[in-house]
Amino acid sequence: LKDQRCELMEQFKVEKEEALQALTEQLTSKASLSESSALVKLEAELKSAFEGELAAVKKAGEEAQEAALSQLQSELHLAASSEQSSALSELKAQLIITFSEEKEQA
């Protein structure tokens, strides 16, 4: 009876350890799935944030490019106006000289 009792105690101990091991593996597996799910979610959030930042940087770059282009167009327009004004002044001076010479000859 004593041997049978020891045997049952030993068997109970082994079964308890096996059940504990199975439960530990189950919990570890669930934790891994939970961690994996959390990692996937975090990865998606980071990717979304990165894409948002990338879009913002791209938009800022486009806006800066448009502003620079607009500034360049303004500067070119001013330079062209200045050149035209200078050319007109030169032409006016030449016409005055020509008319003065013709007036003197006449």
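Here are a few friendly notes on the chain shown above.

1. This is a predicted model, in which local features need pLDDT of at least 70 and side-chain atom pairs count only at pLDDT 80 or more, while totals for chains, interfaces and linings use all residues. Residues are numbered from 1 along each chain as its sequence is written, and side-chain values use heavy atoms, with hydrogens and water left out.

2. The secondary structure amounts to one helix and zero strands (DSSP runs, H or I of at least four residues for helices and E of at least two for strands, numbered from the N terminus). Helix 1 covers residues 2-105.

3. The C-alpha trace spans about 155 × 10 × 5 Å along its principal axes. The radius of gyration is 45 Å, whereas a compact globule of 106 residues would have one near 13 Å (taken over C-alpha atoms; the globule rule is 2.2 Å times the number of residues to the power 0.38).

4. Of the 106 residues, 0% count as buried (under 20% relative accessible area; exposed is over 50%, partly exposed in between, with a 1.4 Å probe and protein chains only). L95, in helix 1, is partly exposed because its relative accessible area is 42%.
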